[in-house]
Amino acid sequence: VTSDDRTDRSLWEGANHGDRSAFGTIFDRHARAVYNHCFRLTASWTLAEDAVSATFLTAWRKRADVELRHESVLPWLLAVATNVVRGERRTLRRRAALDQQVPAPAAVPDHADDVAGRLDDQRRMRAVLRAVERLPRAQREALALCVWSGVSYADAAAVLGIAEVSVRARVSKARTKLARVLGPGEAEPEHVVALAHPGGDDQ
Amino acid sequence: MSPLPAERDLPAGRHAGMRDRLLAKTSTIGSADGTERRPRRLALVAAAATAAGMLGVAVIVSVTMNNVGPSDTVDPAAPPRQATSTTTFVRPVVEGLTPAQSDEITRGCAQSFGGSGYGQDGMPEPSGPTGTGMPEAGPNIALYNLIEDEAGKLALIYGEGVSLLCTIDGPAMKYNAGGGGARPHELTGAFDVDDESGSSGGDLSDDKYPGYRGLPGYRVAAGRVSADVTRVTVTADGRTVEAVLRNGTFIGRLIYPSSWEASATDRITVHAYDADGRELPADGPTSRWP
């Protein structure tokens, strides 16, 4: 999306000094990942879109408080997105109800195949979330951050403000609890949790 | 094949549009304090915590603004909130339990939920104003409803920003909170379903948990009702049960054989009625968000 070769750290520094184009490049670079992360938390592409806007606005407001430990700002953005989805649940829920009544904006029509594909995505994701919702929130969010969005345990620990071993414990507990809740014959636990091994770590 | 949908781009044209709107807004928004500042040398960890805290404050302010005026009754229809100079939180009473027993259940379930993180040993780390481990739940987190049936005891708890449905005295865990976690909002209709979930029968449990053998499976719906509601029914698989109403909340659970396998896709239907038998409208969709 962007040809800017500067690192996130450099762009972030620029944004901190009021360089909005640098912030725009960060948006170009990470909007897709944030969008998909929010979708996995909401099972709604529309809500995910709203959450992306809210996430980057929050990031802009808080940019002066962040010093990147790592080269990528993405783990922090995903943590902010998680908080946005959690904190804005009421607003998003109302929006979801409205979305059922109001047709999607027609200014940029989607292709029918794309629309159908997105609806199918939402149906599948809702099924996954209904299984995952049996988990405590802390475990659920660790699962989404590390397993679904591929954030390393170390980065997740940094942005969540907890020890890396605690992140590992949450993911491990999530896997165990899902298997127990849904039973060994259920397909979902295996599918839901055995999706990725961030950073090549064993789990 | 992974059941997770493949990643997608923002819909055509929306990436650029969103970017333009975002940058337009940034021209009018400074930093959190409204001014442009030079970066402070704060760790990323602190920043993330600040972001979370900011949202938490917004939640509290919103709830308080939506509940202006004194209150001296137990009313989860208006979600539990932070005590202020104009509000008095009255802890709900659950028949058959002492206040201390209710508090113990609340604390155990909240710690099981693990809202504030885990310690180095992976166990829940108690913290927060009430020792619940859920500082975000506020000081008024409390037990509102409790049922006991063939599947065991099930507690319904509300706090400032959370609802918890919690199994008590299970074979492997004394408290096992699952589901819920949503930020309850004020009811505008007759009822709202805050938790809708289920569990396979114990015969399908992993061999590591033999204590679950023989335990029935279940489907459950729980939430809040307005004062007009005198009856709530929960229906699934062609069966209907009467929910237990208590302290402005309800729990309705359908029991299944121990060999029953829960499905992540089947839905539960909830209906609420007034004293005259009239069905009352839900507050929004009767299925869980989203």
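In this predicted model, Arg239(B) lies over the face of Tyr256(B), at 4.7 Å from the ring centre.

Strands of a sheet pair through backbone hydrogen bonds, in either a parallel or an antiparallel sense. Between β11 (residues 269–273) of chain B and β12(B) the sense is antiparallel, and the pairing extends over two bridges. Within this part of the sheet, Ala272(B) stands opposite Leu280(B), a residue of β12(B).

Attention now turns to the aromatic residues. Over all chains, a search of the whole structure finds nine aromatic pairs. One of them joins Trp12(A) and Phe23(A), a tilted pair with 6.4 Å from centre to centre and 45° between the planes. Trp12(A) belongs to helix α1 (residues 8–16) of chain A and Phe23(A) to helix α2 (residues 20–42) of chain A, so the pair ties together parts that are 11 residues apart in sequence. Both Trp12(A) and Phe23(A) are buried.

Phe23(A) also pairs with Phe56(A): the ring centres are 6.3 Å apart and the planes are at 75°, which is over the 60 degrees required, so this pair is edge-to-face. The pair links distant parts of the chain, from Phe23(A) in helix α2 of chain A to Phe56(A) in helix α3 (residues 45–62) of chain A, 33 residues apart. Phe23(A) has a relative accessible area of 0%, and Phe56(A) likewise counts as buried because its relative accessibility is 0%. These residues belong to one aromatic cluster formed by Trp12(A), Phe23(A), Phe27(A), Phe56(A), Trp60(A) and Trp76(A).

How confident is the prediction for chain A, on average? The mean pLDDT of chain A is 73, and 71% of the residues score at least 70. Within the chain, confidence is highest in α2(A), at 92, and lowest in helix α10 (residues 187–193) of chain A, at a mean of 44. Over residues 90–110 of chain A the pLDDT is below 50, although this stretch has 31 contacts in the model beyond near neighbours in sequence. Residues 185–203 of chain A also stay under 50, with 48 contacts beyond four places in sequence. Where pLDDT is low, the predicted coordinates should not be read in detail.

Technical notes:
Residues are numbered from 1 along each chain as its sequence is written. Chains are lettered from A and ligands numbered from 1 in the order in which they are written. This is a predicted model: local features need pLDDT of at least 70, side-chain atom pairs count only at pLDDT 80 or more; totals for chains, interfaces and linings use all residues. Side-chain values use heavy atoms; hydrogens and water are left out. Rings of Phe, Tyr and Trp (its six-membered ring) pair if their centres lie within 6.5 Å; planes under 30 degrees apart count as stacked, over 60 as edge-to-face and the rest as tilted. Helices (H or I, at least four residues) and strands (E, at least two) are DSSP runs, numbered from the N terminus. Buried means under 20% relative accessible area, exposed over 50%, partly exposed in between (1.4 Å probe, protein chains only). A charge sits over a ring if NZ of Lys or CZ of Arg is within 6 Å of the ring centre and within 35 degrees of the ring normal. Two strands pair if DSSP finds at least two bridges between them. pLDDT is the predictor's confidence in each residue, from 0 to 100. Contact means heavy atoms within 4.5 Å.
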